[in-house]
Amino acid sequence: MTGAAADRLVAETGVPGLAGVPAPVALTGRTHWLKRLLRRPAAVVALVVIAGFVVTAVFAPWIAPQDPLAASFSEVRKPPSAAHWFGTDEIGRDIASRVVFGARASLLAGVVSVLISLAIGVPAGLLAGYAGGAIDMLLSRLTDALLACPFLILAIALSAFLGPSLTNAMIAIGISATPAFVRLARGTTLAVKAEDFVLAARAIGNAPWRIALRHVLPNIVPPLLVQATLAIAAAVIAEASLSFLGLGQQPPQPSWGSMLNTAKDYLDNAPWMALWPGLSIFLLVLSFNLVGDGLRDALDPREA
Amino acid sequence: MSRPLRAALVAAWVALVPALSIAQTLHIGLAEDPDVLDPTLARTFVGRVVFAAMCDKLFDIDAKLAIVPQLATGYQWSADGKALTITLRPGVKFHDGETMDAAAVKYSIERHKTMPGSNRRGELAPVSKVEVVSPLTVRLDLSAPFSPLLAQLADRAGMIVAPKAAQQEGDKFGNHPVCAGPFRFVERVPQDRIVLERFPDYWDKAAIHFDRIVYTPIPDASVRLANLRSGQLDLIERVAPSDMPQIARDPKLRTSKITEIGYQGITINVGKSDLAKQNPLGRDPRVREAFELSLDRQGIVQVAMDGEADPGNQWVAQSSPFYAKNVPMPARNLARAKALLAEAGVPHPSFTLMTATTADAQRIAQVVQAMAKEAGFDVKIQSTEFATSLNLADKGQFDAYVLAWSGRADPDGNIFSFDACKQPLNYAGYCNAEVDDLLKRARTAPDVPTRAKLYSEVAAIVLKDRPIIYLYHRHWLYAYTSRLTGLRSIPDGLIRVQGLHFE
Amino acid sequence: MLTFVARRIATIVPTLVFVSMLIFGLQQLLPGDPAKVLAGEEQDPAVIAHLRATMHLDKPLPIRYLYWMRGVLHGDLGESQRSQQPVTTLIAEKLPVTLELACLAIIIALAIGIPAGVVAAVKRGSAWDYGASVFALWGLSTPNFWLGIMLILLFSVTLGWLPASGYVSPFENLRENLAAMIMPAFVLGNAIAAVLMRHTRSAMLQVLSQEYVRTARAKGVSERAVILQHALRNALIPIITLGALEFGTLLSGAVLTEQVFTIPGFGKLIVDAVFNRDYAVVQGVVLVTATAYIVLNFAADVAYAFVNPRIRLR
């Protein structure tokens, strides 16, 4: 996106970074960007890692060596051994199994939160951008208000309101992340609205909602996809943060964040408790970040 | 160097050294930030740790929980037990220079009783009048005999504040408290530090060896310990049990521990709301007995507290003179537990265990869940934030609740508010007329043997009804630099500064 | 220009009103009775009643909102129920601490992010690009409380080089202050570095494809000068304005960092206040934060419009 269009987008949305957002791609361009993505080794490795985690999460009962909830009071905080590859935790449960099952909670937290944000944010942003006028004013001020509150504070307050649990943490993170998607959806909608093919559709006399869904929506997908991927990474960390504060997935169900929260009290005498969940979070989040960055580059028409 | 010059230099050095000696500061790490530093309004345990150095009280307790003199030198009960005459220590001054006398004591006690928002009102409820008998003698008239009174006067209710300063500041007194303790208030930055400096006119100044104390609240136990190890702190309280072995291995650090006067238990909703009737645990004492028998207290202590607690089955520790020997601690008995459940007709009862989001509570809940499962219980852990749990407990919206009590020196403080009908802390909703009568009599009985007998009768009933299942009594754990000596371990968990010094 | 500024200001007021309503409503909807939380262990009913009266808890929600707003407009943000101090005093004490942490974090983020972004843009597509990306990204991928604890273990416990926690005012002892702040600033700055790296990279890429860069190269200016003097200087403006918008991220990150390193700043203040249902503190702090964020946003917009006349004409 260049020059005037970029500047207008920035001015409208107040998000200067959008200048780096790829221009809307016509539908036929879709196959190209996927190929471009797969040509980058970092993104490919990251995709493989993510796929690995997804497989682990889905097939957890078959992959995990033991029952993640089975406590054994004689095996409390034992270091890694043949019986327990990653060692045991504070009430004698096998950490390897808990890490495997924990993938479910972390992936769920990441994906569901972002799905919630998309489900609320995209329609709202689309509406605001396409309809304009008073609706736009209202939605924009509301979004600004939400954005002005620090994300984590909002998430903490919402989690406290709903009660500590993984589901509520996902809702809290999802709601807290929504404004960013509203902004993005609105901004890209505004840019697309001015493009020729949309003007043409309006000239023919198509109904607004038809234009919005058939013409505008598919074209704002690419930047939303990039943002969503990066948001999943942030959501996984947000879940870990909420667990650190005692909100989020509660024991005995495993989640990497709550495992880290418990492990921090035993860093000196049982460091393995923190190593594996910490490493898993790091790998998963890094992978999502790399894929997101790769997507952004792949969608950039300046790319050869 | 010429002789006279050398001599002059030595003389100068000798003269200057005392002036150059660095002020001795003691850095103490607290597990929380205290609330308001006003003895009348204060509500947290950790605030009492600061008060121990700043606000002396009429009496104090020793390691055996016996009453010892502090601002008072002696006491005398009247024959009918309805009047307590207290003789005060002469020559005691407040931090602002006022003299402590009977008038000041009268003022303080009345302030505790009447100031809006006072948290001491319930503690001093039976006190109907305070009389100044002479400048150093004061008499408290009671509406009925009340044995726990001395223990109350050995805590915040007995802290005497400077009348002029308190009158001037009103409810803002906590921002700049003026008391009669060994150290006086200098400054406080919330969540950062509380600084006290030595009060030169303290009545027991020989026992004080520091010029300043700085309290630093650090909620995270590992960070607190890291600060101790790096030398920024000299003494920390509430060490995490799992850290004790490695501290023991460190030659630069020492540890100290003592069993608390409180307890850790599980409160069961037996009558607080309709939920009690709907759940077999709340409805049927046999199910509760089965639950207790499914638990291995020593195992819970080992896993949840790394051994740093004493298993217990009553509201006082086994070493207490008020422990009811007629109801000893039961051992785990899965067979009997299963038999009881079969008898009650519920082989697989299910209930929700409301648990705070703290690490200890979570560990306890998980261990209890695993142990009870072996007897057939399906325990669901419901993690609840503290503020919400208070609400739910108050409304009786729970089946069982993992709850600890910090403890009071007098056994009445550990049971009356919990088991007497309609008392504020009676979350179980327990109400038994006979128990109420026994508890009230135990409050008015004058001597330990009579009271112990009454409490053993209470135990016989209450431990069969099981509104609360007591699990254990935790250890207060301290760690400090090996340079520090004189730390007295008292079961109330407070850090007393008299006698503390660097070697 | 003036109309642009005026229109921008006109949007601030409704936003702030929404923020105040949002945070007030959220607080009051939290379950749990703050009077009970503050009443202490003994839960004396008389104390609870007294607290409820002081906090106006018996009055309906809109009335309580108006009470609060009236105070705000007079500069009174209420009092912390827990420590009995005015919220404005608490904020005045804690804000400079978090601000210092934030500034140090931004400096570290700039020091890591901008060079990484420049390298990634200039050597786009090569191993340097990916390496720089991963280097800056690891900050975003690691939970900052986790990183903080690891650093404490290494630098405080094992090596003993830095203090584990606490805060010393820079006016009291600058050296100790910096020693205590360096680790938390690093932890906080790490995450922002990644964002800055991305912004730098995309801004540089855009600038490097511009006409005047090609002209400079044609004129024979050295590559180094092209990158640093021509490209970077022009790319800096969007980078800086974006950096200002990371303020919100900084505050979120500060919450956890302050918890781990026990720094008496804003973040810690607000987390404790949420758990203690200390309404006045949460409301006051969020209002102040939101106002600062909105003002920063506004300043960034104006700066951007000032530099780029095409925006103004709208």
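1. In this predicted model, the interface between chains B and C involves 34 residues of chain B, which are in contact with 38 residues of chain C. On the chain B side, helix H6 (221-229) and helix H14 (386-395) each supply at least two residues. The largest share comes from H14(B), with 6 residues. By class, the side of chain B that touches chain C divides into 12 nonpolar, 14 polar and 8 charged residues.

2. Chain C also meets chain A: 49 residues of chain C are in contact with 40 residues of chain A.

3. As regards the fold of chain C, the secondary structure comprises 14 helices and 0 strands. The pattern along the sequence is accordingly written α-α-α-α-α-α-α-α-α-α-α-α-α-α. The C-alpha trace of chain C spans about 85 × 60 × 35 Å along its principal axes.

4. Of the 314 residues in chain C, 51% are buried. Where contacts in chain C join residues at least 6 apart in sequence, 70% of them link residues at least 24 apart.

5. Within chain B, helix H2 (residues 45-54) deserves a separate remark. This helix is mostly covered, with 10 of its 10 residues buried. The buried residues in H2(B) are Phe45(B), Val46(B), Gly47(B), Arg48(B), Val49(B), Val50(B), Phe51(B), Ala52(B), Ala53(B) and Met54(B). Their cover includes four strands of chain B: S1 (25-30), S8 (183-189), S9 (193-198) and S10 (212-217).

6. Strand S1 of chain B, one of the elements covering H2(B), contains Ile28(B). Is Ile28(B) buried or exposed? Ile28(B) is classed as buried because 23 other C-beta atoms lie within 10 Å, where the threshold is 20 or more.

7. Leaving aside residues up to four places away in sequence, Ile28(B) touches Ile213(B), Tyr215(B), Leu233(B), Asp234(B), Leu235(B) and Ile495(B).

Key: Residues are numbered from 1 along each chain as its sequence is written. Chains are lettered from A and ligands numbered from 1 in the order in which they are written. This is a predicted model: local features need pLDDT of at least 70, side-chain atom pairs count only at pLDDT 80 or more; totals for chains, interfaces and linings use all residues. A residue is buried if 20 or more other C-beta atoms lie within 10 Å of its own, exposed if 12 or fewer, and partly exposed in between; C-beta atoms are placed from the backbone. Two residues are in contact if their C-beta atoms, placed from the backbone, lie within 7 Å. Ala, Val, Leu, Ile, Met, Phe, Trp, Tyr, Cys and Pro count as nonpolar, Asp, Glu, Lys and Arg as charged, and the others, Gly among them, as polar.
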